[in-house]
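Subject: Structure handover

Hello,

Here is the structure you will be working with. Please open it beside this message and keep the sequence at hand.

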Amino acid sequence: MTAPAAQAVRRRVTVRGTVQGVGFRPYVHRLATDLALAGFVSNTASGVLIEVEGPPVGVADFCDRLATRPPPLSSVTGVGFEELPVTGADDAFTIRSTDRSLGRTLLPPDTAVCADCLRELADPGDRRHRHPFVTCTHCGPRFTIATGMPYDRAVTTMTGFPMCPDCAREYGDPGDRRFHAQPVACPDCGPRLRWVPAAGSVVRPARDADALAAARALLAAGGIVAVKGLGGYHLACDATDARAVDTLRARKARGGKPFAVMCADLDAVRTIAEVSPSELTALTGPRRPIVLLRHRAQRQILAPGVCPGSPHLGVMLPYTPVHTLLFGLPGDPPGPRALVMTSGNRSGEPIVTDDDEALTRLAGLADAWLAHDRPIASPCDDSLLRVRPDGTEQVLRRSRGYVPRPLRLPVAVRPALAVGGDLKNALCLGEGDQAWFGPHIGDMGELATLEAARRAESQLRSLTGVSPELVAADRHPGYQSARWARRRAAQLPLGAPVFVQHHHAHIASAMAEHGLDGTTPVIGVAFDGTGYGDDGTVWGGEILLADYTGYRRFGHLAPAPLPGGDTGVANPCRLALARLWAAGLPWDPDLPSVAACAADELTLLERQLTRDLACVATSSMGRLFDAVSSLVGVCHRARYEAQAALELEAAAAAAWEADASAYAFGLAAGTYDPAPVLGALVTDLRRGTPAPVLAARFHRGVARAVAEVCRRARRDTGLTTVALSGGVFANALLEEECTRLLTGDGFAVLRHGEVPPNDGGLALGQLVVAAHERQEE
């Protein structure tokens, strides 16, 4: 019973943010019931609407708890209150059906299976024992099954699975953990697993528990299984089986690129990697990303082909019931404790989500398919991050577990689409003070990837309600993403796209992530492999004075020829020789880079450089890392992007504590020149200095050059904030050393966190720069 009308108050509460699909309404119902309040709660297209009536103290307590202690998976961005006339209601607090009036709400990301559901999965007495799709309001798929908003079962890919009476009872009971859990299901109502052997296999197709048993048996026998997950297929094999790992690497034509590993549990993780408390938190949190960990040196359990040459090992824990069942429950036959889990695709293609496509596009890669009949509405690859020594996270691929959670913008933008770049592509939609990244798409070199980008934009528009008026893209005239932006912009009110310089977008991305309004410029350090420069050359070692409206190039790495353009990047030995040539240093045959080239290759390269044939000038810091990697004998031919730089970082890490010296760049107005560094490297090579020591001295030399150029910029401008952005700052050693030196010099340093420093974060910078450019017009 509520208080008499004279002693009661009634209040309307509107809650905005990620408040649907996270158990918000049942939480509100329980809270109001505990406080003996009347009223109702309803989902709307703009959030959650509540009217609550009762004693003033109870209503105040209700509102306070709602704002300060919301459900764990929710993300409240705003709470509004409005006093209403008292109705004298004395009925129970109720949950009303969804109001589909105009507005916008936020869909939560997919979340790892929760502890309560895992207990049910393993309990022989529970009706969901071994059910591969056990879920509740606290966990499971959201983004990858949603086909529209507001979020209800009818607009998810669960609409084809009618609930059995038991599931329907749970779904409709406000006191149940599965109240309005849209993916709710059980063995009686589906979805169901399906086992499909490769053509010609003697193994028979299977369903349900038999499908799972067949997958476990094939993995234990060294086979490769295509496993359908939340956002697409993985290719899985036993990570301790050298033959299986090598077979998968060969079939996928992956070169030496590291594989991610999924471990059965934390005990399995600790057998292969060192884990700090902060890394443990990242591994076990609801997002369940791939976390870059340090190898455990004492024991070599994983197959050598899992992660050759990398300073880190990418590790994740199971995040779906299917993954947990693949490793096995108590009483199951022993199986692998660590599985390679790599994206289900061919090199250069987007992740496969459709079951029929999986059977064709993954044919020849997988020995069998463990599929299920719940469709995937939105592809979503695994997220990837590293944890810094101070416990902060640096996301390197922002996808599952993050998308479509919005980012708050420090400046308002008109409805816009930013298409990112051609590498590590991720789109971004923005309107007002919010921006939404789409999932990681990949490299835009294939027709299938362009189609995936078009679908991602359509899905993101559907879920956010943003109808873009303008398009922003990279300035590179040859980018596929820029061509697509032109076609897309022709359909929008403002017509032509806004083309944003690559490194300006990187710095603007860091500024926006840190909430800067752009009224004061920053010193932007943008280091990456390639970006189209204002002078038509390849930039990538840039020190910019930048805000959202523009930038000035304060300093840059001294340029050198890039023989063969982008195609030459696969040959770090040629990059090393081009750098030696630019520095006036001879190609002596005792140098590792020279020895790595055949005689005719050296002749051709000398002709190219002398005559300036098929060469473009580059100030790229990423290419300098590649060149030094070859020069010190670490990597001469790269079989995947950034291989040479990754292996150079691994070498430097081995000597980081043992040698604190650094090479010195030549510093002049507008440039910092690596010629003295290269000369010192050659001298030390001939002295027999080990490659790890050379690599460490080079890393420290780059950091000291950054600090000195930033000091000069401060003297000239008075600016005291430095933003570090670009793919080179995925290098943990370099980022930490630059940060240490700059903070020691009194600078405020902006480092990326949830937004990737590489091209996966480029679209956010494009978005805010384009908005300001249009405003200036």
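Predicted model: local features only at pLDDT ≥ 70, side-chain atom pairs only at ≥ 80, totals over all residues.

Residues are numbered from 1 along each chain as its sequence is written, and side-chain values use heavy atoms, with hydrogens and water left out.

Empty space

Rolling a probe the size of a water molecule over the atoms shows where empty space is left. The search uses a 1 Å grid over the protein atoms alone: a cavity is a set of points where a 1.4 Å probe fits but cannot get out, a pocket is an open set with protein on both sides within 12 Å along at least five of seven lines, and lining residues have an atom within 4 Å of a point. Points are joined across faces, edges and corners, and a volume is the space filled by probe spheres set on them.

The second largest pocket holds about 690 Å³. It is lined by 24 residues, and Arg-294, His-312, Pro-389, Ala-732 and Leu-733 are the closest to its centre. Among the elements that give two or more residues to this lining are strand 12 (290–295) and helix 21 (732–744); helices (H or I, at least four residues) and strands (E, at least two) are DSSP runs numbered from the N terminus. Helix 21 has the largest share, with five residues. By class, this lining has eight nonpolar, six polar and 10 charged residues. Here Ala, Val, Leu, Ile, Met, Phe, Trp, Tyr, Cys and Pro count as nonpolar, Asp, Glu, Lys and Arg as charged, and the others, Gly among them, as polar.

Over the whole structure there are five cavities of 30 Å³ or more. The largest cavity has about 140 Å³ of space. Of its 18 lining residues, Pro-132, Leu-230, Thr-320, Pro-321 and Arg-374 are the closest to the centre. Its lining divides into 10 nonpolar, six polar and two charged residues. The second largest cavity has about 90 Å³ and 13 lining residues. Helix 1 (24–34) gives the most to that lining, with three residues.

Helix 19

Helix 19 runs over residues 675–686, and its 12 residues reach 17 Å from first C-alpha to last, close to the expected 16 Å (1.5 Å times one less than the number of residues). Its buried residues (under 20% relative accessible area, 1.4 Å probe, protein chains only) include Val-677, Leu-678, Leu-681 and Leu-685. The buried residues pack against helix 14, helix 15, helix 17, strand 28 and helix 20. Just after the helix, Gly-688 has a positive phi of about 85 degrees.

Two loop residues

Ala-558 sits in the loop between strand 24 and strand 25. Ala-558 counts as buried because its relative accessibility is 11%. Beyond its neighbours within four places in sequence, Ala-558 is in contact (heavy atoms within 4.5 Å) with Arg-579, Thr-618, Tyr-672, Asp-673 and Pro-674.

Asn-571 lies in the loop between strand 25 and helix 14. Asn-571 is also buried, at 12% relative accessible area. Its side chain makes a polar contact of 2.7 Å with the side chain of Arg-637. Such a contact is a pair of N or O atoms within 3.5 Å; within protein, one must be able to donate a hydrogen and the other to accept it, and residues adjacent in sequence count only if both atoms are side-chain atoms.

Regards

Terms used. Buried < 20%, exposed > 50% of the residue type's maximum accessible area, 1.4 Å probe, protein only.
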